[in-house]
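The sequence and the structure come next.

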Amino acid sequence: MSLIHASAAQLLTQLESGEITSVELTKACLAQIDVADKQVGAFLKVMSESALEQAESVDTRRKKGEKLGRLAGVPVAIKDLLCTKGETTTCASKMLENFVPPYDATVIAKLKAADAVLIGKTNMDEFAMGGSTENSALGVTRNPWDLKCVPGGSSGGAAACLAASMAPLSIGTDTGGSIRQPASFCGVVGLKPTYGVVSRFGLIAFASSLDQIGPMARTAEDAAILLEAIAGYDPHDSTSANVKTPAYSQSVKQPLKGLRLGVVKEHFGDGLDSEVEQATREAINVYKSLGATVTDVSLPHSKYGIAVYYIIAPSEASSNLARFDGAHYGHRTNEAAMLEQLAQERAALEAAGDEVGLAKLDTSLVRMYRQSRAEGFGPEVKRRIMLGTYTLSAGYYDAYYLKALKVRRLIRQDYDAAFKDVDLVIGPTAPTPSFAAGTKTDDPLSMYLGDLYTVTANLAGIGGISIPCGFSKAGLPIGLQLQGPPLAEERLLQAAHMFQTATDWHQRRPELS
Amino acid sequence: MSLSQDDVKKVSLLSRLLLTEEELTTMTEQMSDIVGYVEQLNELDTTDVEPMAHAVEQFNVFAADERAPSLSRDEALANAPKRDDECFRVPAVLGE
Amino acid sequence: MSESLYEIVIGLEVHVQLATQTKLFCRCSTQYGAPPNTQTCPVCLAMPGSLPVMNRTAFQLGLKTACALNLQIPNFTKWDRKNYYYPDLPKGYQISQYDLPMSQDGFLLITDPKGQFEPRKVGIIRAHLEEDAGKSMHDEAAGKADSRIDLNRTGTPLLEIVSEPDMRSPLEAKAYLTELKLILEYLGVSDCNMQEGSLRVDANVNLHLQTPEGKVATPIVEIKNMNSFRAVERAIAFEAERQYEVWLETKQKIGDVAKQTRGWDDQAQVTRAQRYKEESSDYRYFPEPDLAPVTTTDEEIAAVKAELGELPRQIRDRLEAQYKIPAYDADVIVNQGQTTVNYYETLAKNSGDGKLASNWVQQEVLRVLKERSLEIDAFPISTERLAELVKAVAGKEIDGTRAKDVFAEMLDSGKSAPEVMKEMGIEKVDDSELENLCRELLEANPKVLADLKEGTHKAVGALIGQAKKKNPNIDPGTFRQMCIDMSAKM
């Protein structure tokens, strides 16, 4: 198997044995990026130079017999939402087009400590808000299986670069399904861990109580290897889980005996594509053939997931994104033009004798904020900031935000009840396979409904994984989702690996010309 | 419930966004749609339900009061859209 | 002038900077006076991706203060975001506490030993933790109207202490602040330096008036920018008069207009209206998702209370009882702070005369400290040495006037009281010597003797001067009494 198609597990073995060098591997990935990314557009930035330096350094140290980190020499792609010291970190937004963080996210620091090769920053929906990567202000990412289709989102670049064999490992983030849904659309593995398992320090926040970083890869085993490298308690993140990190890379290969799976009734309702349903049912049968017992479970409040999510996430986002105001970093409007415009507006109001208008006219500071933000943010980001500001504002807080927090509790309680009887719940990752670019951009609500099966895991704070389980007739990948109780990442990965020992969906590769 | 353009205008100021007339119209429609959708939560009686603000319940996470190095001033100001030797610069906070 | 026409109603909001080494949510230094933007990090700069972690010491200092202010400490408290845009607030929100503060429902007793107001129990609504903002400086020099932003102070821990509107005069407001500051200093939770902004006061003031239609309240005005307690006192007094005039003119009642904010102009000694922004009050508070709530057990609260030590009010009461000094004296000494109390107590014990020790501390020690701008721990005369002098005065070895000369010499020479007294030839005059002097002078002044015999005791005054010339060491009081007694027998 060529280097670019190999799994990280295989590559690590080959690197350790000296069969290949990190420079060879990194060059192979860079060469594939060179060819394939013109079509796919997974990367916002390819860090060729520093990647090769890191690879060389690993090779040199390996030759000297030094002890190396657990990802030594393996390229990893980074969603451009994680701060990388000295490298632009854009969130795919004009707002941060030129932003260079003075620090590394904890996950980046851990990857560096693990001697991983950081190969580039991947495209995404602006500030992780979206499900198709079409909300990127800085580039277009296409689905490697069908270039007319979207890669999913928001971690679209992270998923597409794996599918197109440009990197073996990739870091994504998931606030409502942003790892699992693109994994499903691109036919790769994506794990959203339990909230707190991976430090959020340095992850540019979208919705703080929902955001979680997770591993993306082509196999469950690789996802386990990557998770082991990035998980762990972080004193810089007050919401970090203070638990010992399990040896995911070891346990992943142990099959689960007597696995009890619960099929989520509510995830097979209206809106589910028939091909997706069929592939999911077949996947459930695979588990049965592997000895799992399968029962139906109900998550009665899951149908409210989207409504709860689209109150909580925008509310938190409206506050998290307040810092992007052109004052201390990020985009600031052309001040001279802004002041000129303001002067004209004032003159017009004065000429009209409009006292009320004059009193309401922005100060230059307020206008600087408003103009900078209007220019720096794309439509979806603005929409969510507006929505969140509205739901938190005086008179609406109780009706929307507080209500959503209460229903969030009910959603969590549904899961707690379900996990009394089953080890994991199972169902489709997304209601449909990928769709053609441009078909949903004018209808935000229909785009939001694509998160129906994934958001509840974020709201409940539990883990979920998407693994390839088939293809549509049109040749687009279909994803299977497993969700587990808090801190059941080992079980999720083991179950995913079991499935991959019995199927070969994950080994298929798109043909790019 | 549907929002008026005036509501949306007020929210745009609170959000420090500047919307064109066209954006205002689209935003009003879309926000009304979404707000209309989320109002399905009113079907549920949540009287005795504790709100859940955090994904995981944790308490008493503290750090010791021990100094760590700060950034240099140049690092702190490196991304500033406008600065001088010492400070960030912004249009007058007092207004005119 | 118009005191009888209205009652002033005052509530105070005090922001106290807590004495931590590092900021509330990051580990940057809180040292005052560093060059601009040299004490920042990704967290307090609000760099994207950074996260807050709560300073344990700040929380503990908050608990300590809350206990001292008789506040109730709930077992659960959490953090909230207060959202507003200002360039000295880089996150676009302040982390504060909204509906479940770390303490609420306490009180502070204020009294005035001079009796200018009745003792009062001022309610404290709440004390909660929050982070400070940075500093905006307006720069006219640049020709253009730019503001310069220094974020060193951003994230410094503050305790906001909000009183009930329980004070009724500028004097009471000042007494509340003085007592509060004293408590904070005794606890060591803040340096309370108003010049450096470690203690900031906002006052909410309105008037209650009796009208033919009944009692009316005028609109509440918040006063800011007061840089000393004296300024608070004056600003409130000014504001009361101003509001009364506004009332006469407009008859506006509370609720008729939005709450106004006015700034105190110390130069002009007036309050001025501050720019009013219509939407600024919608702070969109919501629970801070980046921070975990804090739980405190009853045992932990009890432990904090047990470690509080003596508070000013308790020390005043004890000094009064233990050293038999008037309330006024105890007040003066305690208000100087713990080190002065320690100085006084050692002096009182070593000299054996609490009242005399109190007089010496108040009249001499504090005067010198003030003249020389010294702190009590730098006072040149140790308590042991001063006690020797006080003892000599108590034992009538030396009169008060001469003792002050000895004191002055001790201060500058560093010598002990007996050394100085010896140099100055001061020694106690024994009784027989004094008797001889008495008899001698009475016999030499028959007119005085006659007056004394008639009971005109003030006549002895003429003899004291003569006696002092003959022997400067005589104690005038003792001499006087002896002359009177002797004259009766002559």
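## Where chains A and B meet

Between chain A and chain B, 20 residue pairs are in polar contact, both residues being at pLDDT 80 or more. A polar contact is a pair of N or O atoms within 3.5 Å; within protein, one must be able to donate a hydrogen and the other to accept it, and residues adjacent in sequence count only if both atoms are side-chain atoms. The side of chain A that touches chain B takes at least two residues from each of α10 (305-320), α11 (335-351), α13 (364-376), α14 (379-392), α15 (398-418), α16 (444-448) and α17 (455-460) of chain A. With 11 residues, α15(A) gives the most to that side. Helices (H or I, at least four residues) and strands (E, at least two) are DSSP runs, numbered from the N terminus.

The contact involves 70 residues of chain A and 53 residues of chain B, contact meaning heavy atoms within 4.5 Å. About 5500 Å² is buried between the two chains, and carbon and sulfur atoms give 66% of this. Buried area is the accessible area (1.4 Å probe) that two parts lose on being put together, summed over both. On the chain A side, A:Arg370, A:Met386 and A:Arg409 supply 14% of the area buried against chain B, more than any other three residues. Three salt bridges are found across this interface; a salt bridge is a side-chain nitrogen of Lys or Arg within 4 Å of a carboxyl oxygen of Asp or Glu. A:Arg409 and B:Glu57 meet in a salt bridge at 3.7 Å, N to O.

## Basis of the model

This is a predicted model: local features need pLDDT of at least 70, side-chain atom pairs count only at pLDDT 80 or more, and totals for chains, interfaces and linings use all residues. Residues are numbered from 1 along each chain as its sequence is written, chains are lettered from A and ligands numbered from 1 in the order in which they are written, and side-chain values use heavy atoms, with hydrogens and water left out.

## Where chains B and C meet

Chain B brings 35 residues into contact with 52 residues of chain C. The two chains bury about 3900 Å² between them, 54% of it on carbon and sulfur atoms. In chain B, the most area is lost to chain C by B:Phe62, B:Asp65 and B:Arg67, together 19% of what that side buries.

Four salt bridges are found across this interface. B:Glu86 forms a salt bridge with C:Arg148, with the closest N and O atoms 3.1 Å apart.

## Annotated positions in chain A

The unreviewed UniProt entry places the feature "active site" at A:Lys79, A:Ser154 and A:Ser178; such annotations may be inferred rather than shown by experiment. These positions are spread over 100 residues of sequence but cluster in space, with a largest C-alpha distance of 11.1 Å.

A:Lys79 is in strand β2 (residues 75-79) of chain A, and A:Ser154 is in the loop between β3 (117-122) and α5 (156-163). A:Lys79 counts as buried because its relative accessibility is 0%; buried means under 20% relative accessible area (1.4 Å probe, protein chains only). A:Ser154 is also buried, at 0%. The side chains of A:Lys79 and A:Ser154 are joined by a polar contact of 2.7 Å.

Definitions and conventions:
Buried < 20%, exposed > 50% of the residue type's maximum accessible area, 1.4 Å probe, protein only.
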